[in-house]
Amino acid sequence: QGFWQVYKPYFLSKKVEVQTLNQTFENMQLVDLRKYERDTIIHVYGVPPEILGIVEASNRATIEASDYLYSRWVIQPRLELLRSYLQEKLIPEFDDRLILEYDNPIPEDKEYNLRVAQASPWSLTVDEWREMGGHDKLEDKQGALYPLPYNIYFSTSFGAAPPVEEETQPKSVNKTEKVFISDEGEFIRRILASIGEAILKYHLAPIYEGIVGDFGERTVLTIGARTQFDLTDPRVLHFLNTEAGKFITLINETTREEIRKQLAEGVEAGESIDKLADRINSVFDMAEARRSVVIARTETIRASNFGSFEGMKQSDVEEKEWLATRDDRTRDEHAEMDGQIQPIDKP
């Protein structure tokens, strides 16, 4: 007690016992310390416990969801950060028109796909259903058939109308066969009714939402804003509910009008059902060959542009700059605007 007393002996006035203190693993809490360090690593890197084989408090649902959560919230943000950095720093050294991409690491949601398929079983072919069940495709053309409603019958073309009862005249001398339909308007109406825009919107809605969400989140990450892209923002919901499907009706009506025209001409000429079917197939062949590519490109650009623009607004970006692609496809007035800077909400 005191500096000058430190080297002096200390005498006790009673008996002293000396005991050895043994440290056991239980007393040292090594197991608890290991769990604590493990949990710290899990929290820092955002790794679901199931990924590391920690399944004491897990079930099948959480185990299957862990892969999705790990890919969605850990792997993809890091990939996107690396991609955006290389896009900004490395790609311009080669070609400004190049876009760096990566394979999406998020696993397919099989449970969601199954629910969608069950809600609209007519949207998949026989082979697609067999593939989902782990079976081989059929070797004949039966695998390409769609199980359509009207108490389920099979057709070689998606969206075709149910068979129409027909009355044929006796074959003439020149063997030309004509088909007479009791109600031509009803016949055409039933075929056109099967090309419903509600079906198109139902299948395209998640695609629009995915494009807007991906480009919006990518923009937020590129800007470096301390926020996440909000798909529930009223502006986003308004676009998905109205703008995203606005052109689908026009696209569908164009197809309807062309089919109506072809059927009217075919019925007036007294063509057989097979001939009328060929006319319908020619309309869809044209749409698949040319219009479908133009439609897909246009709608994808609309959704991606909106997602990027909304990502800037949610990140409080105040100004935007027009960047023209300098090639022979760019309009002169667009090239002249290159470098123009405007407030975010101004044209």
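**Group meeting talk: cores, rings and a loop residue**

Hi everyone, let me start with D316, which counts as exposed because its relative accessibility is 64%, where exposed means over 50% relative accessible area, buried under 20% and partly exposed in between, with a 1.4 Å probe and protein chains only. What is the phi of D316? It is positive, about 60 degrees, although D316 is not a glycine. For background, most residues other than glycine have a negative phi. D316 is found in the loop between helix 10 and strand 5 (319-321); helices here are DSSP runs of H or I with at least four residues, strands are runs of E with at least two, and both are numbered from the N terminus.

A quick word on the model. It is a predicted one, so local features need pLDDT of at least 70 and side-chain atom pairs count only at pLDDT 80 or more, while totals for chains, interfaces and linings use all residues. Residues are numbered from 1 along each chain as its sequence is written, and side-chain values use heavy atoms, with hydrogens and water left out.

Now the overall picture. The chain has 11 helices and six strands, and 25% of its 347 residues count as buried. Among contacts with a separation of 6 or more, 56% are between residues 24 or more positions apart, a contact being heavy atoms within 4.5 Å.

On to the inside. Which residues make up the largest nonpolar core? There are nine: Y208, I211, V212, V220, F229, V236, F239, A303 and F306. By nonpolar core I mean buried Ala, Val, Leu, Ile, Met, Phe, Trp, Tyr and Cys residues joined through side-chain atoms within 4.5 Å.

Take V236 from the nine-residue core. Leaving aside neighbours within four places in sequence, V236 touches V212, F229, D230, L231, F306, E310 and Q314. Helix 7 also holds T219, which counts as buried because its relative accessibility is 13%. Beyond four places in sequence, the contacts of T219 are S308, G311 and M312.

F3 and W4 are edge-to-face because their centres are 5.0 Å apart and their planes are at 80 degrees. F3 is exposed at 65% relative accessible area, and W4 is exposed too, at 71%. F239 and F306 are stacked, 4.1 Å centre to centre with 5 degrees between the planes. Because F239 lies in helix 8 and F306 in helix 10, this pair ties together parts that are 67 residues apart in sequence. Both F239 and F306 are buried.

Two arginines sit over rings as well, meaning that CZ of Arg (or NZ of Lys) is within 6 Å of the ring centre and within 35 degrees of the ring normal. The charged end of R72 is 4.3 Å from the ring centre of W73, and R218 lies over the face of F215 at 5.2 Å.

Note on methods:
Rings of Phe, Tyr and Trp (its six-membered ring) pair if their centres lie within 6.5 Å; planes under 30 degrees apart count as stacked, over 60 as edge-to-face and the rest as tilted.
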